[in-house]
Amino acid sequence: MLDIDALATLREIMEDEFSPLIELYIRDSDQRFPAMREALREKDAEGVRLLVHSLKGASSNVCAADLAEHAHRVEQMAIDGKVDQLATAVDALESDYLQVRQSLESYIASA
């Protein structure tokens, strides 16, 4: 789920700012999923798209390329207006995110 080599390089470059970056990513991502569900309740595909787009970019920045790719697919569903499929897609995306989150937390704790 994570590109560990790229993550190690990022940690080396960011030095003391690495852990705060990861913590910010987790905090922001944790807030995105309830917001996505609210947008889904309102049948707001564009709202979902914007939230997923932000998650996609942030995930890419923390070396979670698989999650970013998954977010891209969900974003495309929102663009295509596949509102009926978005709830299931967001659930699967959140499941993948939780695995990434756990891996990132373990990575930070191991250093």
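Is the crossing of α1 and α5 left-handed or right-handed?

Reply: Happy to! Please keep in mind that this is a predicted model. The crossing of α1 and α5 is right-handed. Helix α1 covers residues 4-14, and its axis comes within 12 Å of the axis of α5, with a crossing angle of roughly 50 degrees. That angle makes α1 oblique to α5. On the α1 side, the contact is made by I4, L7, A8 and R11, while α5 contributes L104, Y107 and I108.

Now follow Y107 to the aromatic rings. Three aromatic pairs are counted in the model. One of them joins F18 and Y107 edge-to-face, at 6.0 Å centre to centre and with 70 degrees between the planes. F18 lies in helix α2 (residues 18-41) and Y107 in helix α5 (residues 83-109), so this pair ties together parts that are 89 residues apart in sequence. Both F18 and Y107 are buried.

Y25 and Y97 form another edge-to-face pair, with 6.1 Å between the centres and 65 degrees between the planes. This pair, too, links distant parts of the chain: Y25 is in helix α2 and Y97 in helix α5, 72 residues apart. Y25 counts as buried because its relative accessibility is 4%, under the 20% cut-off. Y97 is likewise buried, at 1% relative accessibility.

Notes. Residues numbered from 1 in each chain as written. Predicted model: local features only at pLDDT ≥ 70, side-chain atom pairs only at ≥ 80, totals over all residues. Heavy atoms only, no water. Phe/Tyr/Trp six-rings, centres within 6.5 Å; stacked < 30°, edge-to-face > 60°. Helix = DSSP H or I, 4+ residues; strand = E, 2+ residues; numbered from the N terminus. Buried < 20%, exposed > 50% of the residue type's maximum accessible area, 1.4 Å probe, protein only. Axes fitted to C-alpha atoms, helices over the stretch in contact; angles between N-to-C directions. Parallel < 35°, antiparallel > 145°, perpendicular 65-115°, else oblique. Left-handed = near helix turned anticlockwise from the far one by under 90°. Contact = heavy atoms within 4.5 Å.
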